[in-house]
Amino acid sequence: MIFLKRQIMNTVDCCSNALLAKKQIKDAQTAVCNPSDDSDNHQFITSSAFTNVALAEVETGVMHLAVSSTAGLLKSTVAKHPGLPRSVTIQPSADPFIDGPSRPVSDQQRQLLACYLQLPEEITSKEEFNQRIKFSRWLSEAWVLQHTRAEVLKSVLTADQVSDYRLYLQDLPPAAITAALALDCLKQKLRHLDWTYQNLPARLKTPSFNQFCLQIGALPVNIASDYLQSVQYSTLVATCPDTLKYVPPEHQNYSMCLEAIKNNPRLIEFVNPCATFYPELCSMAVQKLNFLCDSISESVADQLIDQLGITSLYYIPQSLRTYQRCVKAIRQTDLVKQFDYIPRQIFLEHPELANEVFHKQWSSSLLKQLPDSAKTEDFCQRYLDKWPGSISGCPPSLMRAHAEWVERAIRAGATDCSIPESFLTVDLYRRILRISPFNCSVPEKKFQDHPDLLFLAACSGSYSLKKIPAPLKTMDVCCLALEATDPYLKTIEHVPESLRHQLPYDLLLAVAPQYLPQDIRQAMVARGDTSLPLSCRQRGKPILHRHILLEPLEPQPYGELKFSSSIFLKKTLLSSAPFTLRNLAMGHALQQTIEQHCCQQKQRLDQAQLPVLTQPLSGNCTVYGGRALMTNTRTETSRMKFLRSGEPLEDFFREEAVHRFVWNHGLGGSLKSEVPWPVGLKLVPVELMPEDIFAGFRSRLETVALGSRCFYLMYQFTTRNQDYSTLAHQKDLYGNSTRAEQGLINASYDLGVWSSLGAVHTSTIQAYHSFKDNRRELFLCFMFDHGRAFPGALTAWDSEATDESDWGYSGLRDIGDMEFYPGITSYFDAADATAFMPPGFDQRAAFMNAFCENMVAAVLHYARMHRDDSDYHYKDAKGRAKLGAFIDQAIGAFLSGLVGRSVKTAEYFESPEIFQQWLEKTTAETTLWTARQNLNSDCFARSLNENRCYPPEVYPDQKITPYRYQYPEDYTSNGQDNLGNNHGQFGLTLLIRGLYQVAAVLAVELGGGK
């Protein structure tokens, strides 16, 4: 009975709350429908009001309304003020796949898609060829050439194109190779592309063609005699230095040979070694041109060392490297690697030579060259202390006594063949695969007995599938190897023929689309999208292999990634259906409203119908941002945002349109951030703008001329207080971060809600908008530029890159700065976006890129705010737990706002346990990179400077390289910290991988999969 009474009371309370909340909404909507551009009086609809309505109606059974969905808030209202655009009635989408605005697919895009899918289609025009060859790096050069008509190739191919696009001779149809093209390519010496005389079609090798080849030095010596009878040798060599090889010794002279060798030092091989000027030419070739042949005499060798100062044994033929010559060369130089060029026999006869000079020179093979008697414990100790990776040849007995030598050798990148087989335990193979997979070759028996080694090798990317024994190339192993490597390494060629056509269709689509059934590829081209039928897509939740998800990257600038996760996401985005967004109809209405509003306001501006400010701006105005003013009253904060120089009017008008749309359509109840109240556009006479205000603006303002007067264009809106302008990367005045963190979570949620309308925010921080020569940090950059699997270092991440931000205490700011799916364009204009993007896939990749970028932005704000906290450290469990909770909450908030139900981030991972493992590793890496770097404390900077590596607690099994990267030299720019080495990769790689995992599952969900 007591329980029943409580239920009744709760129901009454809920109904009361609902009635009160509905009254708030009605009053506010009435105010919205009757606004005045000059009025500052308005009411705010709080998100709690809508929440109370929803909860009450659900609990009492009056209405079943999902709290996080805007489905019940889609009733349109009609604006009654001429300053507002007429609202658009929102109708449910009958078919979300085709209804509403979409990106049209041009014939050219279809042709490129057909080329990407390698459909048997003939290229019949110059325009088609030029367009496809432009993207041949991401398509297939050989396919483009083989499917272009020979006459088209004849008319368009040039030697420069052959060189730029790296077109191999064997890929060209023989009929397309003209004499003129062949001669031009031979002139450019494109030997690396097989453009040599021997490989040319026999039909070209006519007497006249051969005569031209002779004149450019491209004719083989063995057939040149037929064309040399009436040749003036001096003229021939002067015309083309490479023709020196045709000149008989008796016709060579010093000046002729000198000029030829200056141009090409390899021509020393064709100079008469008995000529008096031969040693001098050898000296020039060695000292200035870094080349010498193996045919010099003993007297010339002595002359080079004694008289001409040649000090590197590399330039002395091995047969002439006597003990005396080696000692002379070594003692008069500090060049490295001299030992590698000393014959082993000399060390056997003179072992003391190694002890004499090794302290200043390095050899990768010294221990192998020395006799066992010289490999004392002391010598090996000293040698391996300096060069730990050169352990090959060290006596096994000493290795057993010094296990640390083996440990250091592995971390320095020693190969498994450098270590005796008896030392190679399973654990050691496992570590070598993590540190230097490229240098490892695991025996088949080890793979058979320990499958985890096999999967680790397949995931590594650098461990070629070619090295895995054929019986072990199962479907799972091949799929892992294909996902972990760049498709342009042609790993598919090492997949057994019997498996190639059985690979999952989504994986084939990403790495080798030519193996897909032809009817599927034809359907894709006809539809203008790479989407696979649901029955052909991957079943179940896409899962990034835990080795890839949880293993840290190789922390070397310019180094190869240990593991790549880009193909995993790319295959999902390629094969997914166009995203079905729950509020797509409302998004269409928003787009129409923006277009109508911009058109109307442009017309009002042109016709001088905008209100004009008549009083000078108050000196109490505060400048905030780059071009906005703020004044405070007892009840609200008024804000004035000015048109920036060069800013399109459509962009400037959009913010007001979005503000009014939110209030007119009750959307504010679904948003957690404060939405400003729109007052309206105004014209500010230039003379009413005080000079001291100009001094505070970072942006130049645009002026508008109307008649004989000049104005600034200003948009005025109001907010509750200053929270809207307080950026969420800073604590409050009392050192508390609660309000800022809540603002970040609210903004994350609202980014999800806006994304459910197809309204995507692509520039929420300065780094994503216009920073450092307009270089965008594309966090799905593999999709946009296949040459980079992860973004580069983010410069000044805790200052300039995040200074101008749309994340405030009030939540998401500047909500008008948005693009619409499927019409996102900004990513494709970025400096790093150079890859061919199949239609449809390009929009899905851009949508997910915005998600990844915005979640990274949230983490960067949190890190900037806490980086000086005492517990913000990679070893502090408490501080890391707080960061982990924030990451979990921020991602979960975005997902909840997007899909319209409360979700947990862990749902998007393989299991809650894997999610927690990822979160543990991610918080360790994130705090390591983003904490304040102090060389007097435990941080990555000190570890790097002292140990040439990052802390092993975060990056276990990392490779130690001979390169000396230092902090701050290599990790700061103009005194500001970077996330990553200046020329390396973005530091928060584990965070990005987790976002890839979430994005893949989300893509399946939005694409209609389960």
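**Salt bridges and a buried arginine**

Modeller: R382 has a relative accessibility of 32%, so R382 counts as partly exposed. The model is a predicted one.

Biologist: D798 forms a salt bridge with R867. How many residues apart in sequence are the parts that this pair ties together?

Modeller: The closest N and O atoms of D798 and R867 are 2.4 Å apart. D798 lies in the loop between α35 (781–784) and α36 (800–803) and R867 in the loop between α37 (841–866) and α38 (877–899), so the parts tied together are separated in sequence by 69 residues.

Biologist: Are D798 and R867 buried or exposed?

Modeller: The cut-off for the term is under 20% relative accessible area. By that cut-off, D798 and R867 are both buried.

Biologist: R537 has no salt bridge. Which side chain of opposite charge is nearest to R537?

Modeller: R537 is found in the loop between α27 (518–527) and α28 (546–550). Its side chain reaches the backbone oxygen of L532 at 2.9 Å and that of G1007 at 3.2 Å. A salt bridge needs atoms within 4 Å. R537 is buried, and 8.6 Å away is the nearest side chain of opposite charge, D506.

Note on methods. Residues numbered from 1 in each chain as written. Predicted model: local features only at pLDDT ≥ 70, side-chain atom pairs only at ≥ 80, totals over all residues. Heavy atoms only, no water. Helix = DSSP H or I, 4+ residues; strand = E, 2+ residues; numbered from the N terminus. Buried < 20%, exposed > 50% of the residue type's maximum accessible area, 1.4 Å probe, protein only. Lys, Arg positive; Asp, Glu negative; His and termini not counted. Polar contact = N/O pair within 3.5 Å; in protein donor to acceptor, adjacent residues only side chain to side chain.
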